[in-house]
Every structure is written in structure tokens, then in C-alpha cells.
Amino acid sequence: MTEESAGQREGKPAFRLRLRRDRTLILMTLPAIALLLVFTYLPVLGNVVAFQDYDPYLGDNGFSAMFLSPWTGLENFRRIFADPGFWHAVQNTFVLFLLQLVLYFPIPVALALLINSVVRPRVRAVAQAVMYLPHFFSWVLVVTVFQQILGGAGIIAQTLRRHGHQGIDLMTDPGIFKFLVTAEGVWKDAGWGIIVFLAALSSVPPDLYEAAAMDGAGRRRRMWHITLPALRPVIALLLVLRVGDALTVGFEQLLLQRDAVGPGASEVLDTYVWWNGIRNQDFGYAAAAGLIKGVIGLGLVLTANKVAHLMGEQGVYEK
Amino acid sequence: MTAATRDPWDRAGRWAAPPRPAWEEEPSKAGLAGKGLVLVLAACAILFPLWIVVVTSLQSKRTIDAAGGLVVVPRGVSLVAYRELLTGGQVQRAALVSLGVTLTGTLFSMAVSVLCAYGLSRAGSLGHRGLLMLLLATMFFGAGLIPTYLLVQALGLTDTYLALILPSAVSVFNILVLRAFFMGISPELVDSARIDGAGDWRILWQIVMPLSRPVLAVISLFYAVGYWSAWFNASIYLTDQDMMPLQNVMIQLVQKQERPVGLATQINTGQLSPLAVQMAVMVMALLPVAVLSPFVQRHFKKGMLTGAVKG
């Protein structure tokens with residue numbers, strides 16, 4: 001940072017002087033820092049229960065029980081790796097991630113190109129307002145709305161029955177469940193995703209298009225050689241973010257539908273931790289599963305970012 | 001973004017591409033029709049489900065029974081379901097809980113975040129880098145569900161509304177957006193205020209905040225939607241049914257098909273359609289965000305972009 005190097009050249013002011021100058025600023029950050037320390041940093045230490053046979057009733061509260069619970073070393077991890085349910089959750093997580101990457105990711109790009117090509121302001125305004133809307137709905141609402149359309153008592157089943165067919169219930173069909181989940185994601189957030197791409201499109205100098213047209217490039221060639229390269233950095237950034245987040249696929253969304261479709265099709269790592277820890281009160285075991293997920297997730301973020309740097313993109317954070 | 005490019009968003013925050021340049025080909029009829037079709041289909045896919053929910057919530061028991069379930073074409077308007085929901089009972093209480101948690105939570109989160117963002121907005125201030133690192137690091141790891149749950153329990157927050165607010169009060173992403181915006185405010189303005197004798201509190205309150213209204217609106221909406229939509233914390237930290245927020249009651253009533261406490265008699269005596277009640281609960285859950293977000297829409301871009309680029 002330039003200001004800092006300038007300060008160094010002139011000699012840094014004494015620590016106490018700086019403290020006096022900046023004490024208000026530091027004071028202002030304290031509430032947020034305190035909340036982060038308590039609710040984000042402190043629980044990291046709580047991961048020690050992954051190495052314990054944790055029993056919340058051993059102490060006066062859950063915290064002192066942490067000191068009194070017996071250590072079991074890697075026993076929890078051994079149990080997890082021996083559980084076929086865990087491997088099933090891992091498999092579901094990756095299948096869902098890949099599905100979302102292939103079926104969800106291109107849609108905002110396509111929609112942004114479409115909106116960008118619409119010339120009439122009224123049409124554009126209405127389209128955008130409608131597309132942003134579902135992003136602000138809760139997952140409970142989205143899942144429930146889907147249930148009203150595709151569920152056993154939904155409008156499709158209702159219409160089929162009225163015409164003498166058998167009703168269908170797409171919400172409880174494990175075979176199509178992963179596509180259903182992806183469709184819900186598209187419904188909720190694809191419209192919201194276009195904002196970033198529209199911004200990237202706006203940074204393309206219009207004379208580039210004109211020059212290309214003069215040189216005889218048609219609509220398609222201009223798209224291929226100007227528009228898409230302009231979107232490249234944003235697409236790369238969002239891909240990196242997505243890959244780094246691969247193990248977190250729709251926790252709330254899946255938890256809400258777990259009962260309807262059963263854990264076979266819907267269990268992912270997050271719901272696996274929830275089920276074992278919170279529902280079955282097997283805290284040490286679930287914490288171990290969560291820790292595995294956290295460590296792999298951290299690895300993915302760092303790797304994805306490294307790859308972005310190697311590709312010559314900015315990545316999530318700078319080196 | 002390069003400085004020379006146009007700003008394609010008009011003042012209402014809508015995407016306003018320039019008129020078609022003279023050299024560009026006229027689009028074909030088929031191309032136009034295709035575009036129109038895709039846009040109409042997308043709009044229908046989003047609006048049709050909402051239409052069914054809203055229309056069904058406004059029908060009398062007779063129309064709903066005649067339709068055999070959800071209603072697509074409305075016949076008259078009946079406010080029975082809403083009247084029943086708003087005269088007390090489980091749903092009204094849940095709506096008030098949600099409203100209360102959303103308002104206090106948003107205010108609290110905004111206060112904490114704005115202070116923190118301003119505190120970190122002056123490059124080269126003491127501890128600025130270290131504190132920023134402390135924030136950024138949290139974007140790379142999460143504490144995990146189980147340790148967080150155990151901590152909230154150990155702190156004695158279970159069965160209090162604080163459990164719905166404190167653990168998720170700070171969003172590092174939102175703080176970074178605010179900070180990026182604050183750093184973009186002209187330093188000369190801040191310096192001149194300081195020369196005039198204003199302290200940091202005064203600068204924040206009288207100069208920085210009034211200049212940041214758009215981004216404050218966006219971040220407030222993000223926080224408010226977060227609190228309004230939250231149900232998971234309530235589902236694991238609350239055991240008292242009377243404390244449940246609207247989303248959780250919606251899960252019970254609509255997803256699990258339970259009957260609302262206090263309304264069961266009207267439903268059983270056949271005066272009220274349970275379906276209309278369910279749909280009315282859904283409308284109550286979607287209404288606030290559907291009403292608020294268009295007002296803030298024109299500032300979305302700013303909030304999203306500073307976040308995406310500087311995050």
C-alpha cells in the first residue's frame with residue numbers, strides 16, 4: 001500500500017502516538033471482532049470433541065464436559081470411515097456438486113447475454129425485477145412452492161388426476177431428486193447471478209464491437225471473440241469460489257427435503273453431521289465428520305485459488 | 001472496470017444498454033421471437049407458482065373444494081384465511097416473533113458492521129492489517145456445526161431469542177462491502193472534516209453514513225432477508241413452540257401438514273379451508289421481501305460488485 005510505504009520513508013510515528021490517534025478506530029472494530037472471536041474462532045477449539053467420547057452430561061455445562069470427557073484418539077474417525085452411510089453422503093455431495101456445476105452454472109451467463117441483447121428498456125426492467133425476486137425468498141418457501149407445483153397434492157398431480165391419470169409426486173422420487181434440487185437452485189438464484197455478468201459486459205468498450213464489425217465479423221464472431229473473452233475473468237473467479245465451496249451443497253435445502261425423499265438420495269456431508277450430532281446426540285462422531293469436511297474444504301479453497309493464480313486470474317485473494 | 005466505459009445502469013438501477021449502433025445488423029424475426037419466448041417462459045416459471053399461492057390464499061373454502069385443491073383461476077376474493085390468521089393464535093405470534101427478530105437483528109448487525117467497516121477503512125491505521133486478516137481468515141474455514149451448537153448451549157443461549165441473532169450477527173462479506181464503499185469516499189472530504197475538529201464518531205455519523213445511503217440500504221436488506229428467512233437456528237436452539245418464528249411454523253403447517261393451533265376448530269367445522277390457511281402463511285412469509293427488494297433494487301449492483309471484486 002502506497003500510504004504505508006510513504007509513512008515508512010518518513011519514519012513511522014511512535015507506537016503510542018499511533019495508538020492515541022487510532023484508538024477510536026480500533027474501538028469501533030471491537031464489537032464485530034468480539035462476536036467473530038466468540039462465535040467463529042472459539043468453536044474451532046471445540047473441535048477437540050472429535051477426538052473424545054464426548055458426553056455433555058459429564059460437566060455442569062457443555063463446556064466443562066469437554067474437559068471431563070474421555071479421550072479416544074482417532075476412534076471416531078475409524079468409525080466414520082467404516083460407515084457406508086458416510087461414503088454415501090460423500091458420493092451424494094460430489095454428484096450434486098457436479099450436477100450444479102454443469103446444469104446451473106451456465107444459466108446465469110446465458111441469461112445475462114440475453115438481457116444484454118434486449119434493447120427495449122421496459123422489457124429489460126421487468127425481466128430483471130422478476131428474475132431477482134426469488135433470490136430473496138427463504139429456502140423453506142422455495143421448497144414449499146416446489147411442493148405445491150410438483151408434489152403429490154400439487155397442481156400437476158391435481159390436473160393429471162382430474163383428467164383420469166394417476167397423480168405423480170416428483171418431490172419424493174429419489175431417482176430424480178438431484179435434478180429437482182438443482183432446479184430449485186436455478187429457480188432461486190440464477191436470476192440473481194446475472195448481475196455480476198452484466199457488470200462484466202458493461203466493461204467492454206463498444207468500439208471493439210464496431211471495429212470488429214468493420215472488419216467483417218458477424219454477430220456470432222463478435223460474441224465469440226469479444227463478449228465471451230470479456231466474461232472470462234468473472235467466470236473463472238466464480239468457478240474458483242464454487243469449487244472451493246464444493247462440499248457445501250445446499251444444506252438448508254436438503255435438510256428440508258430429507259424427510260420426504262429419505263437420506264438415501266438426499267444425505268450430503270452437512271446433513272450427515274446434523275443427523276448424527278444434533279438428532280442422534282453423537283457429538284464426538286459428528287464433530288469428527290464435520291472436521292473432515294472442514295479440512296477437505298479448506299484444502300479445496302486453497303487449491304482452487306492456486307489454480308486461478310496459475311491461470312493468470314486474480315483469484316479470491318491476492319498472494 | 002475502465003474509467004472510459006459507459007455506466008449501463010440507469011438511475012432506477014435498470015440495465016440500460018445504449019440504442020443499437022448504426023452498423024449493427026437488424027435482428028431476425030425468428031431471433032426476436034426466440035428471445036421473447038425465453039423471457040416469457042422464464043417469467044412464467046418464476047411467477048406462476050407465486051400466482052397459485054397468492055390466488056389460493058384468497059379463495060373461500062367452497063372455491064377450493066370445487067377446484068379440488070390449488071386454485072389457478074380465481075373466483076372472487078375471500079379474506080377469511082387472513083382474518084383468522086391475524087386474530088391471534090400460532091401464526092400471528094410467529095409473524096410477530098419473526099418481525100421482532102428481523103428488526104432487532106438487522107439494527108444490531110448494521111451497527112456492529114458499520115462500526116467495524118469504518119474502523120478498518122483507513123489504510124495504515126494501527127492494527128488495521130491484523131484485524132483485517134482476522135476477518136478474512138474466517139472466509140476460509142468454518143467452525144463446524146457441532147462445536148458451534150455446543151458453544152451456544154454452553155453460553156446458555158438455548159431457548160432465548162439471542163440464539164437467533166448473535167451467532168449469525170456478523171457477516172464478514174457484508175463488512176467488506178461496506179468497507180470498500182467507505183474507502184471510496186473522497187479522503188479530502190474526511191480530512192477537511194478532521195481539520196474542522198470532527199472526531200471519528202462525528203465523521204462516521206455526519207459524513208460517511210449520509211454519503212453511503214445506497215450501500216447501507218443494500219446491506220440492511222441482505223441482513224434483514226437473512227434474519228427473516230432463517231429457520232435452522234430456531235430449529236436447533238429453540239424447544240418452546242411459542243417462540244418459533246414464521247419460517248419454522250411454515251415448515252410445520254405446510255410441509256408437515258399439521259393444523260394450526262387456535263384455528264383447528266374453524267377448520268374442523270368446515271368454515272375454513274386448511275389449504276387457504278397454508279397459502280396465506282406462505283404469502284405472509286414472502287410479502288415483506290417481495291415488497292422491499294424492488295425499492296433497493298437499483299443499488300444491488302453496487303453492493304454485489306464491491307463484494308465480488310474486493311472480497
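Helices (H or I, at least four residues) and strands (E, at least two) are DSSP runs, numbered from the N terminus. By that scheme, M209(B) sits in helix α10 of chain B. The model is predicted, so to speak of local features takes pLDDT of at least 70 and side-chain atom pairs count only at pLDDT 80 or more, while totals for chains, interfaces and linings use all residues. Residues are numbered from 1 along each chain as its sequence is written, chains are lettered from A and ligands numbered from 1 in the order in which they are written, and side-chain values use heavy atoms, with hydrogens and water left out.

Leaving aside residues up to four places away in sequence, M209(B) touches V114(B), L204(B) and L216(B); contact here means heavy atoms within 4.5 Å.

Now for the helix pairs. The axes of α4(B) (residues 90-119) and α10(B) (residues 200-211) come within 11 Å and cross at roughly 105°. Axes are lines fitted to C-alpha atoms, for helices over the stretch in contact, and angles run from 0 to 180 degrees between N-to-C directions. That makes α4(B) roughly perpendicular to α10(B), given that angles under 35 degrees count as roughly parallel, over 145 as roughly antiparallel, 65 to 115 as roughly perpendicular and the rest as oblique. On the α4(B) side, V114(B), L115(B) and Y118(B) make the contact, and α10(B) brings D200(B), W201(B), I203(B), L204(B), V208(B) and M209(B).

α10(B) also packs against α11(B) (residues 213-229), at about 75° with the axes 5 Å apart, and these two are therefore roughly perpendicular as well. Here M209(B), P210(B) and L211(B) of α10(B) meet R213(B), P214(B) and L216(B) of α11(B).

As for the two chains, the contact takes in 103 residues from chain A and 102 residues from chain B. They bury about 9,100 Å² between them, with carbon and sulfur atoms giving 75%; buried area is the accessible area (1.4 Å probe) that two parts lose on being put together, summed over both. M28(A), F39(A) and F136(A) supply 9% of what chain A buries against chain B, more than any other three residues. Helix α2 of chain A (residues 15-45) gives the largest share of the side of chain A that touches chain B, 24 residues.
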